[in-house]
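Here are my notes on the model, point by point. Please read them with the structure open.

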Amino acid sequence: MPHVKQQQKYTSMSITTESELIGMKKVSDVVAYTLKEMKNYAKPGMTTKELDDFGASILKELGANSAPFMTYKFPGWTCISVNHEFCHGIPSKNRILKEGDLINIDVSAELDGYWSDNGNSFVIGEDIHQHQNLVNASKEILQKAIHHIKGGVKIADVGFLMETEAKKRGYKVIKNLGGHGIGRSLHEQPDELLNYKNKFDQRRFKKNSVVAIETFISTSSTYTVEQNDGWTMVGNKGGYMAQHEHTIVVTDGKPIILTEMNGVWN
């Protein structure tokens, strides 16, 4: 879930014990499994409320709590955004999924005091509106960005890589959404892991820290604006956006991708 709402700031989570890693793996498996199952379940003719209820049943069965609800009293178990909605879409019995819709599902949860977050944009049924290229770009950029991250790497350099890769493919990035630290709460330090180079940001990724890395790749907008419902974000210049997100542990080498089970890259 992108970090835009204000919340009490926690320090960053650092994995120092085996039990912490196990706790993070458990909750990450839960959110990854839920996201994967929701994607497989989504069909034309279904409401986003039905899809959210399905996700809720999995989280409940696995003993996990909805992170957006726990943290912000979000009116749903997961965020489901469709077409021109970029993120934080509220599940609704009035929103019916149609063939070719671009949908984003963002699942974050808490289990036994540990928190994890992941997201996936995909096309429902046949790609009749040609959204697949945007989806593929977002997936590829997330993969490149994550494989570039290790202890000591500048956070702004990863943002630069994301924006450069988006431009190369003819897309833009959203500048007021970002990835974030996670672990003992939904949003922790380091916050504002942006999709572009903030030249004033001198921070570096720290070994053993846990972060949610997210792409925000768009066709025409560079900022999001909040709708009247107080949640749903759309683009300042309209168009579409794809988001993909993994929760990872930063290491000296290849990151540990805790939410790999969600199958986003398959």
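1. Start with the largest cavity. Helix α5 gives the most to its lining, with four residues. Helices (H or I, at least four residues) and strands (E, at least two) are DSSP runs, numbered from the N terminus. The model is predicted: local features need pLDDT of at least 70, side-chain atom pairs count only at pLDDT 80 or more, and totals for chains, interfaces and linings use all residues. Residues are numbered from 1 along each chain as its sequence is written, and side-chain values use heavy atoms, with hydrogens and water left out.

2. The volume of the largest cavity is about 60 Å³. A cavity is a set of points, on a 1 Å grid over the protein atoms alone, where a 1.4 Å probe fits but cannot get out; lining residues have an atom within 4 Å of a point. Grid points are joined across faces, edges and corners, and the volume is the space filled by probe spheres set on the points. Residues lining the largest cavity include I155, V158, F205 and E214. Two or more lining residues come from each of α5 (155–168), β8 (188–194) and β9 (210–214). By class the lining has seven nonpolar, three polar and one charged residues. Here Ala, Val, Leu, Ile, Met, Phe, Trp, Tyr, Cys and Pro count as nonpolar, Asp, Glu, Lys and Arg as charged, and the others, Gly among them, as polar.

3. How many cavities of 30 Å³ or more are there? The count is two.

4. Follow N104 and S121 into the strands. N104 has S121 in β5 as its bridge partner. In total, 10 bridges join β4 to β5, and the two run antiparallel. Two strands pair if DSSP finds at least two bridges between them. β4 and β5 form a hairpin with two residues between them, and D112 in the turn has a positive phi of about 55 degrees.

5. Is β5 buried or exposed? In strand β5 (residues 114–123), 10 of the 10 residues are buried, so the strand is largely enclosed by the rest of the structure. Buried means under 20% relative accessible area, exposed over 50%, partly exposed in between (1.4 Å probe, protein chains only). Both faces are covered, with Y114 among the buried residues on one side and W115 among those on the other.

6. M241 also belongs to a sheet: in β13, M241 is the bridge partner of S218. The open sheet has three strands in the order β6-β10-β13, with antiparallel pairing. β6 (172–173) and β13 (241–242) are the edges, each with a single partner strand, so one side of each lacks a neighbour in the sheet.

7. Check the salt bridges; the structure holds 12. Each is a side-chain nitrogen of Lys or Arg within 4 Å of a carboxyl oxygen of Asp or Glu. E163 pairs with K175, with the closest N and O atoms 3.9 Å apart. E163 is buried at 16% relative accessible area; K175 is partly exposed at 27%.

8. K168 bridges to E165 at 3.1 Å between the closest N and O atoms. Both lie in α5, three residues apart, about one turn of the helix. K168 is exposed at 60%, whereas E165 is buried at 8%. A network of salt bridges links E140, K144, E165, K168 and R169.

Technical notes. 1 Å grid on protein atoms, 1.4 Å probe; cavity = no way out; pocket = protein on both sides within 12 Å on 5 of 7 lines; lining within 4 Å.
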